[in-house]
Amino acid sequence: MPEDTPSVVPNPSVFVFAPSPLLTVTIECAPDGSDELHVHAGGQGVWIARMAATLGAEATLCGVFGGETGRIVRHALEYEGISVRGVDTSGANGGYVHDRRGGERVPIAQVDPTVLTRHEADDLFALSLESGLCSDVAVLGGPHSDTTVPPEMYGRLARDLHAMGIPVVADLSGPTLTSVLARSPTVLKVAHDDLIEDGRAASDDAATLEQSMRRLAEEGARNVVVSRAGEPALALVDDRFWEVTAPPLTSVDHRGAGDSMTAGIATALARGESLIDALRWGAAVGAMNITRRGLATGRRDLATRLVGSVGIRRADGEES
């Protein structure tokens, strides 16, 4: 769907670029005190695609799959109803094992994905561009490892999709953010702590983050959204600065909330909604995510009810 098209899309399609899907294993304590194993596909792109599908989008994930881990990850994604466009690789997908029997996540093992060969990287780019051109909105999710694909692949993909009229939502940090920034992403979403770690913000106060967001806009981002964990998110939309307050729900696990927010924004934009309304969806599904132990999970009906509880106001106090 070309940008600036106002019509509502009844069955929106969201493409997610996820070069390195992971196999995740979590050990939990069952109600009777015994051990439970939870095995899922994971990683930022997977979590975004999962929530987009939950919200009713036709979610397509493009990534690489290899080895025993890759076969399991691909099957898990398809089982969840996510359309998979994959490149078979000589190396294996990465993954991790976490122990959450004590309440907190304790990493036990982590394996990074292998680096793609030149031919594998070329195939991944071509397949991703093709998939993105068939979508209403394209989402660029970060790689699990900085070495899996070259950061410039993100910039090329963002530039070509934008040139073909496909809105691009980028949820990135570090070198991949820099690569995409000058390619006019429709929305650049980034966590506040990533801005600080990248040296793009000196602190987490709203005034400092606003300055950083305006610099990101000057470098190419058309709109900027910054998530701030338990604090209200910040948004720079059409040069206006907004504060987005999520429903005050009790947190069980905050992980995946930012990715859920990205999925909410992207899915709403794919339906043809305004960016301000997309921010409401993003905050609602991010809040829904923290009430659950499963990352980027929830119910569409609950998200719909939570949208009305999201507060959006201008920095000068004007309500949206």
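**Burial, contacts and backbone**

Pro247 is buried, with a relative accessible area of 6%; buried means under 20% relative accessible area, exposed over 50%, and partly exposed in between (1.4 Å probe, protein chains only). Pro247 sits in the loop between β13 (240-245) and α8 (257-270), where helices (H or I, at least four residues) and strands (E, at least two) are DSSP runs numbered from the N terminus. Its C-alpha atom is separated by 8.4 Å from that of Val307, 60 residues apart along the chain.

This is a predicted model, in which local features need pLDDT of at least 70 and side-chain atom pairs count only at pLDDT 80 or more, while totals for chains, interfaces and linings use all residues. Residues are numbered from 1 along each chain as its sequence is written, and side-chain values use heavy atoms, with hydrogens and water left out.

The UniProt record, an unreviewed entry, lists residues 36-297 as "domain: Carbohydrate kinase PfkB"; UniProt positions are given in the numbering used here, feature names are shortened, and annotations may be inferred rather than shown by experiment. Over residues 36-297 the chain is 42% helix and 24% strand. The end C-alpha atoms of that range are 19 Å apart.

Which residues of α1 are buried? They are Gln44, Gly45, Val46, Trp47, Ile48, Ala49, Arg50, Met51 and Ala52. Because 9 of the 11 residues of helix α1 (residues 44-54) are buried, the helix is largely enclosed by the rest of the structure. Gly56 follows α1 and has a positive phi, near 100°.

Leu22, in strand β2 (residues 22-29), is also a buried residue, at 1% relative accessible area. The C-alpha atoms of Leu22 and Thr69 are separated by 7.8 Å, although the two residues are 47 residues apart along the chain.

Turning to the rings, the structure holds 1 aromatic pair. The ring centres of Phe17 and Tyr154 are 5.1 Å apart and their planes are at 75°, so the pair is edge-to-face. Rings of Phe, Tyr and Trp (its six-membered ring) pair if their centres lie within 6.5 Å; planes under 30 degrees apart count as stacked, over 60 as edge-to-face and the rest as tilted. The pair links distant parts of the chain, with Phe17 in strand β1 (residues 13-17) and Tyr154 in helix α4 (residues 152-163), 137 residues apart. Phe17 is buried at 0% relative accessibility, and Tyr154 is buried with a relative accessible area of 0%.

Charges also sit over rings, which requires NZ of Lys or CZ of Arg within 6 Å of the ring centre and within 35 degrees of the ring normal. Arg156 lies over the face of Phe125, at 3.8 Å from the ring centre. The charged end of Arg74 sits over the ring of Phe65, 5.4 Å from its centre.

Most residues other than glycine have a negative phi. Ser184 has a positive phi, near 55°; this residue is in the loop between α5 (174-181) and β10 (187-191) and is partly exposed, with a relative accessible area of 24%. Asp238 has a positive phi as well, near 50°. Asp238 is found in the loop between β12 (231-237) and β13, and at 64% relative accessibility it counts as exposed.
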